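I opened this entry to write down what I looked up, residue by residue. The notes follow the order in which I checked things.

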Amino acid sequence: MLPPTPRTTERPAPSTSRAAGRIARRTAALLGTAALALLASCASQDSGRPAPKATKAAARPVVPERSVPAGLPGMPPVLDPKDIYAADRPGMLSPIVKGFPSRVYVPNTHSDTVSVIDPATYKVIETIDVGRQPQHVVPSWDLKTLWVNNNRGHTLTPIDPATGKAGEPVDVHDPYNLYFTPNGKYAIVMASLDRQLVFRDPHTMKVKKTEPVTCAGVNHADFSADGRYFIVSCEFSGELLKVDTEHMKVVSQQKLPFQGAMPQDVKISPDGKTFYIADMMAHGVWVLNGEKFTTPKLLPTGEGCHGLYVSRDSKEMYISNRGEGTISVFDFAKNKLAKKWYLPDGGSPDMGGVSSDGKVLWLAGRYDSEVYAIDTRSGKEIARIPVGGGPHGLAVYPQPGRYSLGHTGVFR
């Protein structure tokens, strides 16, 4: 009997398709191992940090932030670098002033009083006795107080805008006009006859620094967009000053190129690039590059050009021409005068302000013992209100804005 045939230990050869699949799987495994090794190598070279995990969402593009000028230390940040008056829109009242009654406060220079007008009725509802020769009613930086500048009485009379009541006068020498630094650190008294810029505590009015000036009649001012300097008009010598805000020092000075120039109100453009200075003897507005402080050019507007007020939408500037009873309207975008409004019975429109909703321009009639209310949409006179003698820098209050730079209400 023959011995049994032994079983083989080899398996039959796989078919061609099965072999190809096995090779593909082995190749994939080898490639995967190599890829992992490569990633591990890269990760080890990247400061020892693990490789980032893959994400399905695409990376968001980097959007550059809009450039905002670095402001004076402590100054509230600029809301919109293209419009420094962005906080002055209708209805944008600070919580501090929302409960204050809407009033127009008119300092009567020859009567030593302040007439209080209710803008809803266009009538004087109260007359407040103040010091000698009140020139301007000025909202404080923190919006809580109205300061009456009693120029020849050498005092400031505080008025509480919540109640309309006057407080005890504060001794301040020669307060022709009053401003506040954009950070609220100092009040600046324009001591016109003393030939000084006096930096004071904004609450107690104690002197912090006195900066003598060589020009005559320091008068009005406005600040650069970043608050680091301000331009001052010198009424009686026809000059302009550039003052470093933080260091409280005059850094430049120039004579206006017009014989007998008498510069008045100062206002900066919404884009912060240009200063406008009203001149009542040159009968127009000087257009100045504040940064370069080069010789400005004159834009004729009308006889006795005096006050400058920006509209609530920052598109226009109202220019009072005191000598001819008109208001010129300057278009910022077109960089030219767009129209002129005439008071029907003439008048002497001087200083003032724009209503909270932007619909009414209020101006004191300096030589006519009256106040004018003008419709900003049509330019028509709404009311002509009798007040005391020599009405000057009236304040419309409250107004939109986060803080006050002073004068009759320059808000940011």
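I began with Asp350, which is found in strand S25 (residues 349-354). Strands are DSSP runs of E with at least two residues, helices are runs of H or I with at least four, and both are numbered from the N terminus. The model is predicted, so I note that local features need pLDDT of at least 70, side-chain atom pairs count only at pLDDT 80 or more, and totals for chains, interfaces and linings use all residues. Residues are numbered from 1 along each chain as its sequence is written, and side-chain values use heavy atoms, with hydrogens and water left out.

Is Asp350 buried or exposed? Asp350 counts as buried because its relative accessibility is 0%. The cut-offs are under 20% relative accessible area for buried, over 50% for exposed, and partly exposed in between (1.4 Å probe, protein chains only). Leaving out residues up to four places away in sequence, I listed what Asp350 touches: His306, Gly307, Tyr309, Ser320, Arg322, Leu363, Ala364, Arg366 and His392. Contact here means heavy atoms within 4.5 Å.

**Glu211**

Next I looked up Glu211, in strand S12 (residues 207-212). Glu211 is buried yet has no salt bridge, and the nearest side chain of opposite charge, Lys209, is 4.1 Å away. A salt bridge needs a side-chain nitrogen of Lys or Arg within 4 Å of a carboxyl oxygen of Asp or Glu. For charge, Lys and Arg count as positive and Asp and Glu as negative, while His and the chain ends are not counted. I did find a polar atom of the Glu211 side chain 3.0 Å from the backbone nitrogen of Val250. Beyond four places in sequence, the contacts of Glu211 include Arg195, Phe199 and Met248.

I noted a cis peptide bond from Tyr397 to Pro398, with omega near 0°. Pro398 is in the segment after strand S29 (395-397).

His407 is also placed in the segment after S29. His407 has a positive phi near 55° and is not a glycine. His407 is buried because its relative accessible area is 1%.

Asn335, not a glycine either, has a positive phi of about 55°. Asn335 sits in the loop between strand S23 (326-331) and strand S24 (336-342). Asn335 counts as exposed because its relative accessibility is 54%.

**Whole chain**

Last, I checked the totals. The protein chain has 1 helix and 29 strands. Of its 412 residues, 52% are buried.

Technical notes. A polar contact is a pair of N or O atoms within 3.5 Å; within protein, one must be able to donate a hydrogen and the other to accept it, and residues adjacent in sequence count only if both atoms are side-chain atoms.
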